[in-house]
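Me: I would like to learn how to read a two-chain model feature by feature. Could you take me through the one below?

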Amino acid sequence: MLTHARVEFIVIGGFAATAHGSAHITVDLDIVYRRTDANVDRLARALEPLSPYLRGAPPGLPFHLDPDTIHRGLNFTLVTQAGDLDLMGEATGGGTYEALLPYSELRDVAGLECWFVNLQTLIRLKRAAGRPKDLERIAELEALRQEEP
Amino acid sequence: MEPRPPAFLSVSLDPSPAIEAYKRDVDRTLLRENLRLTTTERIRKMIAALRFAETVRHSRVKASPT
């Protein structure tokens, strides 16, 4: 949906790990989006049909993911009709879209081209986040790096 | 003035004792199997596993030996 709408984004997190060969299951999609005016407009329009809402927030809050909301915030943890989505203007460690793009790979997913952060950078981002719960995932990613041809 | 490089670039990839400990338990046979797949196949496989996990999570006990 985002690719069809020409939204500029880079997949990080669990789905990027899966793309690289991780055996872990992930529930949410983490993306870093480009924060230009045009791209934020495209992003908001692409997500509107999925009724995005703040994950964990009580129902009925006057939340609307429009371009103004996106510009006033940075990172959003959302629930949508298509599943959980983490929209990040910047991943921990200075990972903006512009900073990550040189360290990303364009991959074909069911006929669509999407940018995924490369494996080494994915490991760096997880190490930068410094969360104890990521240690096991980092170990798997580093093992993947060793196993890659 | 030159922009500073992003912080993640300076994150060390040197071995860490905690990560190395977890690495010993990584099932590399699963990784090697996944590395034979295309990106699309890897993602489809993960989504299928996720759907199965959801099915199991919502399942009810039909019988119990005790």
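Me: Which residue stands opposite Val117(A) in β7(A)?

Reply: Ser104(A) does. Before we go on, this is a predicted model in which local features need pLDDT of at least 70 and side-chain atom pairs count only at pLDDT 80 or more, while totals for chains, interfaces and linings use all residues. Residues are numbered from 1 along each chain as its sequence is written, chains are lettered from A and ligands numbered from 1 in the order in which they are written, and side-chain values use heavy atoms, with hydrogens and water left out.

Me: How are the strands around β7(A) paired?

Reply: Start with the terms. Helices (H or I, at least four residues) and strands (E, at least two) are DSSP runs, numbered from the N terminus, and two strands pair if DSSP finds at least two bridges between them. Here strand β6 (residues 104-109) of chain A pairs with β7(A) in the antiparallel sense over six bridges. Strand β1 (residues 9-12) of chain A runs parallel to strand β7 (residues 112-117) of chain A, and two bridges join them. On that side Ile10(A) stands opposite Trp115(A).

Me: Is α5(A) mostly covered or mostly open?

Reply: For this we use relative accessible area: buried means under 20%, exposed over 50%, and partly exposed in between (1.4 Å probe, protein chains only). α5(A) is mostly covered, since eight of its 11 residues are buried. Among them are Leu119(A), Ile123(A), Arg124(A) and Arg127(A). What covers the buried residues includes β1, α1, α4, β7 and α6 of chain A together with α1 (17-23) of chain B. Gly130(A) follows α5(A) and has a positive phi, near 65 degrees.

Me: How many residues of each chain are in contact across the interface?

Reply: Contact means heavy atoms within 4.5 Å. By that rule 41 residues of chain A are in contact with 30 residues of chain B. Buried area is the accessible area (1.4 Å probe) that two parts lose on being put together, summed over both. Chains A and B bury about 3,100 Å² between them, 70% of it on carbon and sulfur atoms. Arg124(A), Arg127(A) and Glu147(A) supply 21% of the area that chain A buries against chain B, more than any other three residues.

Me: How many salt bridges and polar contacts are there between the chains?

Reply: A salt bridge is a side-chain nitrogen of Lys or Arg within 4 Å of a carboxyl oxygen of Asp or Glu. The count between chain A and chain B is three; one of them joins Arg32(B) to Glu147(A), the closest N and O atoms being 2.8 Å apart. A polar contact is a pair of N or O atoms within 3.5 Å; within protein, one must be able to donate a hydrogen and the other to accept it, and residues adjacent in sequence count only if both atoms are side-chain atoms. That rule finds 16 residue pairs across the interface (both at pLDDT 80 or more). On the side of chain A that touches chain B, α6(A) gives the most, with 11 residues.

Me: Why does Asn34(B) count as buried?

Reply: Asn34(B) counts as buried because its relative accessibility is 5%. Asn34(B) lies in helix α2 (residues 28-35) of chain B, and its side chain reaches the backbone oxygen of Gly21(A) at 3.0 Å. Not counting residues up to four places away in sequence, Asn34(B) touches Gly21(A), Ser22(A), Ala23(A), Arg42(B) and Lys45(B).
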